[in-house]
Amino acid sequence: MKKIKYILFFLFIILVITVIIQYPKLNLISGYAAKNTASTLFIAGRTLNSVAENDNNVPLIKLAESSYDLSDKVASAEVFGLMERKAICRDGLGCVLTNGDVDHRLYSEVPLRVQQSIPLPYPHGHLPARDTTFSRVDYGKLSRALDHVFADTVKTRTVLVLYKGHILAERYADGFDPDTPVLGWSMTKSVLATLFGILEYQGKISMNDKAGLPSWEADGRKEITLDHLLRMQSGLDWEEDYSTISDVTKMLFMESNMAAVQAGKRLVAEPTEVWNYSSGTSNLLSGLLRNTFSTYQNYLNFPYKALIDKIGMHSMIIETDLAGNFVGSSYAWASTRDWARFGQLYLQKGNWNGEQIFHPAWVSYATEPTEHSNGVYGAHFWLNAHGKFPDVPRDMYSANGYQGQHVFIIPSKDLVVVRTGLAEEPQFDTNVFLREVIAALP
């Protein structure tokens, strides 16, 4: 009995030490858990057990205990009974951490959605009879490629292979189907960038326009352009580290106005001198996007009217922060088929069923390697320009997100591949997966 008491006392001491060490992080841990739980339950329609066993089952976050109120669409989380955080969900705007300051006036306006039936450019279930290309696809190889990427250790959730505008294969893990919205994390950045491409095509902005923030006019930040921001070359200070208390984690899980965070950072280099990946920059761009509209309602409507609903991505929702800004860095949800639609739009250089959404030259701009990025980054898209993935064509570019969310676009192969999951490199091997998919094509 005495031995058991010693063991329990020892475990208690370890627990106390752990809490003391991690206490400053508890706000972020419970914030992540509450927000992720709310969105996954009320947007994706999944269960609390599924979220706990999968999405929140990562170091530190798994310490949080989550609960929810179905009638009020509220989720809460706390760690060892400490630092409770709440997230509320709003129709049309997604879920948001309350940060102890809920202003219901922000929720009186919602995006106007026009969800008319739009024929798929890639009919599912059959392939064009007259195109002999499809008869030369090695479906055995393709199936084996999917087998490999759905191995337990790779933690893949969904895969879709779109070739010449037609679905060759799609597969879903338990709990997911073609209609399940999946959080894109930083794939949202590529959606945000596309909105700027649309505005440029409409003649309303230029990529060489200055950001024009009044608070920047007295110093070197006044020279920062939209191009600098889209290429992550602004020279603004930023720490993008999800493993600790950093600029990005504080922004996503503590700030009410995410568009203002990067705007308040100092200049640490002249524009174009360095490349520094920054989710704060993307949310700053979301705020600048808002400034181009005369009303908040027009800002809310624009992504859906000009892009999302126009190409039939009706499952997509971009969540807003407490200040009403789209969280353009991280919080777009869409089904795997709708993420594929986004890739297909780029493969078709902005043309959708005969209508030009953005200028064809926008694709060249977005995929032009950014100086100092070693050929891996364009304008809010990731690149293979310098052969980072040696067995994949160098014209491949992609929208990438945390934990291995990807929309791969390979023009030379007329190919779009979507993969979502809970693991990234090295568990998910991009080079091997795409190599195997490509090997199955004629």
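This is a predicted model: local features need pLDDT of at least 70, side-chain atom pairs count only at pLDDT 80 or more; totals for chains, interfaces and linings use all residues.
1. As background, nonpolar side chains in soluble globular proteins tend to be buried together.

2. Leaving aside residues up to four places away in sequence, Tyr-346 touches Ser-190, Thr-194, Phe-358, Trp-362, Val-363, Phe-381, Tyr-397 and Ile-409.

3. Next, helix 4. It covers residues 187-201, 15 residues in total, and spans 22 Å from first C-alpha to last, close to the 21 Å expected at 1.5 Å a residue. Of those 15 residues, 13 are buried, so helix 4 is largely enclosed by the rest of the structure. Just after helix 4 comes Gly-203, with a positive phi of about 80°.

4. On to charges: the salt bridge count is 15. One of them pairs Arg-157 with Asp-55, with 2.9 Å between the closest N and O atoms. Arg-157 sits in strand 5 (residues 156-163) and Asp-55 in helix 2, so this pair ties together parts 102 residues apart in sequence. Both partners are buried. Arg-46 joins in as well: Arg-46, Asp-55 and Arg-157 form a linked network of salt bridges.

5. Asp-414 and Lys-164 make another salt bridge, at 4.0 Å from N to O. Asp-414 is in the loop between strand 14 (405-410) and strand 15 (415-421), while Lys-164 is in the loop between strand 5 and strand 6 (166-172), so the pair ties together parts 250 residues apart in sequence. If you are wondering about the cut-off, a salt bridge here needs the nitrogen within 4 Å of the carboxyl oxygen. Asp-414 is partly exposed at 28% relative accessibility, and Lys-164 is partly exposed too, at 32%.

6. A salt bridge between Lys-210 and Glu-223 has its closest N and O atoms 3.2 Å apart. Both residues lie in the loop between helix 4 and helix 5 (226-230), so the parts tied together are 13 residues apart in sequence. Lys-210 comes out partly exposed at 43% relative accessibility, and Glu-223 partly exposed at 38%.

7. Together with Phe-80 and Leu-82, Leu-63 makes a nonpolar surface patch of about 230 Å². Leu-63 is in the loop between helix 2 (48-55) and strand 1 (64-69), and its relative accessible area of 33% makes it partly exposed.

8. Last one: Gly-404, in the loop between strand 13 (397-401) and strand 14. Gly-404 is buried, with a relative accessible area of 0%. Setting aside residues up to four places away in sequence, Gly-404 touches Arg-419, Thr-420, Gly-421, Ala-423 and Glu-424. For a distance check, Gly-404 and Met-251 are 153 residues apart in sequence and 21 Å apart in space, C-alpha to C-alpha.

Key: Residues are numbered from 1 along each chain as its sequence is written. Side-chain values use heavy atoms; hydrogens and water are left out. Patches are made of residues with over 30% relative accessible area and no salt bridge: like charges are joined within 9 Å, nonpolar side chains (Val, Leu, Ile, Met, Phe, Trp, Tyr) within 5 Å. Accessible areas come from the Shrake-Rupley method with a 1.4 Å probe; for residues, only the protein chains shown count as cover. A salt bridge is a side-chain nitrogen of Lys or Arg within 4 Å of a carboxyl oxygen of Asp or Glu. Helices (H or I, at least four residues) and strands (E, at least two) are DSSP runs, numbered from the N terminus. Buried means under 20% relative accessible area, exposed over 50%, partly exposed in between (1.4 Å probe, protein chains only). The expected span of a helix is 1.5 Å times one less than its number of residues. Contact means heavy atoms within 4.5 Å.
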